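Visitor: I would like to learn how to read salt bridges and helix packing in a model like this one. Could you walk me through it?

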Amino acid sequence: MTTKRLGILVLTTSTRPGALGPAVGGWLTDTLAPVAKELDVDLVPLAIGDLDLPFLDEEEHPSTGVHHHEHTRRWSRVVAGADGFVFVTPEYNYGMPATLKNALDFLGPEWAWKPAGFVSYGHTSAGTRAVQHAKQVVTTLRLVPLGSTVAIRIADAMRDDRFAPEARHGEAAEGLLAELVRVAHALTPMRERERPDAVEGPLPGSYARPLGPDDAAEVTVLQRCCWMEEALVNDTLDIPALHEGLDDVRAWLADWDVTGLWRDGRLLGMVRTRRHGDDLHIGRLAVAPDLRGLGVGRWLLGLAESAAEGSRRILLTTGAASDRNLALYQRQGYVLLPDARSEGAVDLAKAVTE
């Protein structure tokens, strides 16, 4: 599961002139700033009025993800880039503001599998009826509402016309953020499956997606696990994958085209490719030891080979004593080259046919 820093959108939803919303939103982000730093998340405050969203004016259904207007595309980018949401909402006539309902209705897939927390304010009910109303809508969009909430009675939070909530409100806000972060991490595999660059994997529930520097921690664990076995088979510890630190892994993840196979937040396998002249180089083909013999390595190899269009041949390297690897590659049409570039290793090649 990626270790990318989470981004949490704090959305103030009231647009009424003189509304209390901006004061509530400002208090919330100021209060949570120290906790957000500890939890390694970015709070992104935004006022819904700054979006300039008209009432829903898109011809296509939001579930299609097709947006014709720039205001919708801008809003789509904001929501798609967030890992979770805190909605700061008043209660209007036992419900949420029309501005929030409209903003939710504009989009579809961008909301899916992300946590939603609520900070409400009002008079008798402290805005809780607006939250109950909103939860019916957000669950339909596959947002996941939290159990933790912050509900503020306006009469309890005003000091000489100044918004100053009690300490318990700040404590509740900290609890909400902590829960939101936990749920956001737990939902990451669900969100990743929906990525446009993700493809279905060979095992039930698995999917493959490109890997990047944010995935360095998982990649480091996988390759050390896999190449320790290679070290034993080849009677050598002189294997680069066993000596690379996180910075080394981040560097080559940025330099190679790398694909990882995932399931339920676990990195099951990976492979990397890079073109050099007329050759496509394939490397770091790794499969978690408990999944060997299920066709995962063959599937990853085939996925890597699909990038060979325009190349003359495909090159890869393995340990000279790695009989399992050699058998796989030779079954897939690779032949040994006469002169290996590294001691204790062998190079193999496969011609690319049109």
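Guide: Gladly. Let us start with Arg-292, which is partly exposed at a relative accessible area of 25%; buried means under 20%, exposed over 50% and partly exposed in between, with a 1.4 Å probe and protein chains only. This is a predicted model, in which local features need pLDDT of at least 70 and side-chain atom pairs count only at pLDDT 80 or more, while totals for chains, interfaces and linings use all residues. Residues are numbered from 1 along each chain as its sequence is written, and side-chain values use heavy atoms, leaving out hydrogens and water.

Visitor: Which side chain does Arg-292 meet in a salt bridge?

Guide: Side chains of opposite charge can pair when their charged atoms come close. The rule here asks for a side-chain nitrogen of Lys or Arg within 4 Å of a carboxyl oxygen of Asp or Glu. Arg-292 meets Glu-229, at 2.8 Å from N to O. Arg-292 sits in the loop between strand E12 (279-287) and helix H10 (296-305), and Glu-229 in helix H7, so the pair links distant parts of the chain, 63 residues apart. Helices (H or I, at least four residues) and strands (E, at least two) are DSSP runs numbered from the N terminus. Glu-229 is partly exposed too, at 32% relative accessibility.

Visitor: What does Arg-274 pair with?

Guide: Its partner is Asp-255, at 2.4 Å from N to O. Arg-274 is partly exposed at 33%, and Asp-255 is partly exposed at 49%.

Visitor: At what angle do helices H7 and H9 pack?

Guide: Axes are lines fitted to C-alpha atoms over the stretch in contact, and angles run from 0 to 180 degrees between N-to-C directions. H7 (residues 216-234) and H9 (residues 246-255) pack at about 105°, with axes 9 Å apart. They are therefore roughly perpendicular; that label covers 65 to 115 degrees, with under 35 roughly parallel, over 145 roughly antiparallel and the rest oblique. Contact means heavy atoms within 4.5 Å, and the residues making it include Val-219 and Gln-223 of H7 and Trp-252 and Leu-253 of H9.
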